[in-house]
Each structure stands twice: as C-alpha cells, then as structure tokens.
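Me: I'm new to reading protein structures. Could you walk me through this one, feature by feature?

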Amino acid sequence: FCSSMMDEQEAGVYVLNASGEKVMSETLLLSPYSETPLYIGELPGGEYQLVVELEDVVVYGTFIYYK
C-alpha cells in the first residue's frame, strides 16, 4: 500500500478475514509518500479487510486476494 502522509509515522497494520478475525498483525514505520510492502503470501485466497491504525486516525480498506 502507499502512504500520502507528510511525516514518518509508526502504524499498527492488521488484516481481518471475512469473519472479522485478525489473521495478521504488524507494526510498520510508514514513510511520507512511499510504498510499504505487506507480505500476505501465507494467507488463503479470499476477501480481507486491511486496517491501518495511526496515532490519530484509523483507515480501513477491503481487498480480495486470489491465490
């Protein structure tokens, strides 16, 4: 995923499965206007929710992983 933040910031990054269970959790340092890789190769194919928890905001997104 790609960050459009102005400052470097630590974020809690979570992936939830279709049942709402947390299947992945990482703490990442996001750099301004940079891409951050997130390895999901161990997950089975399916629909997931990506949660990025920053100091003052939580961002959600949905993605489908085809395996």
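This is a predicted model: local features need pLDDT of at least 70, side-chain atom pairs count only at pLDDT 80 or more; totals for chains, interfaces and linings use all residues.

Me: Okay, is Ser25 buried, exposed or partly exposed?

Reply: The idea is to look at relative accessible area: under 20% is buried, over 50% is exposed, and partly exposed is in between. Ser25 has 47% relative accessibility, so it counts as partly exposed.

Me: And which residues does Ser25 touch, if we skip those up to four places away in sequence?

Reply: Those are Val13 and Tyr14. For a sense of distance, take Asp7: it is 18 residues from Ser25 along the chain, and their C-alpha atoms are separated by 22 Å.

Me: What does strand β2 pair with, and in which sense?

Reply: Strand β2 covers residues 22-30, and it pairs with strand β1, residues 9-16, in the antiparallel sense. There are 8 bridges over that pairing. To see it in the picture, find Glu10 and look across to Leu29 in β2, which stands opposite.

Me: How many residues lie between β1 and β2 in the hairpin?

Reply: There are 5 residues between them. Check Gly20 in that turn: its phi is positive, about 85 degrees.

Me: Where is Asp56, and is it buried or exposed?

Reply: Asp56 is in the loop between β3 and β4. With a relative accessible area of 66%, Asp56 is exposed. Compare sequence and space again: Asp56 and Pro44 are 12 residues apart in sequence, and 31 Å apart from C-alpha to C-alpha.

Me: Now the inside. What do nonpolar side chains tend to do in soluble globular proteins?

Reply: They tend to be buried together. In this model the largest nonpolar core has 14 residues, and those touching the most other members are Ala11, Val15, Leu30, Leu43, Val52 and Leu54. Strands β1, β2 and β3 (46-53) each supply at least two residues of this core.

Me: Which residues does Leu30 touch, leaving out those up to four places away?

Reply: Its contacts include Ala11, Val52 and Leu54, and also Phe1, Met5 and Thr36.

Me: What about a residue before β1, like Ser3?

Reply: Ser3 does lie in that segment. At 7% relative accessibility, it counts as buried. Beyond its neighbours within four places, Ser3 is in contact with Ser31, Pro32, Tyr33 and Ser34.

Me: How many of the lining residues are nonpolar, polar or charged?

Reply: The lining of the largest pocket has 9 nonpolar residues, 3 polar ones and no charged ones.

How values were computed
Residues are numbered from 1 along each chain as its sequence is written. Side-chain values use heavy atoms; hydrogens and water are left out. Two strands pair if DSSP finds at least two bridges between them. Helices (H or I, at least four residues) and strands (E, at least two) are DSSP runs, numbered from the N terminus. A nonpolar core is a set of buried Ala, Val, Leu, Ile, Met, Phe, Trp, Tyr and Cys residues joined through side-chain atoms within 4.5 Å. Buried means under 20% relative accessible area, exposed over 50%, partly exposed in between (1.4 Å probe, protein chains only). Contact means heavy atoms within 4.5 Å. Ala, Val, Leu, Ile, Met, Phe, Trp, Tyr, Cys and Pro count as nonpolar, Asp, Glu, Lys and Arg as charged, and the others, Gly among them, as polar.
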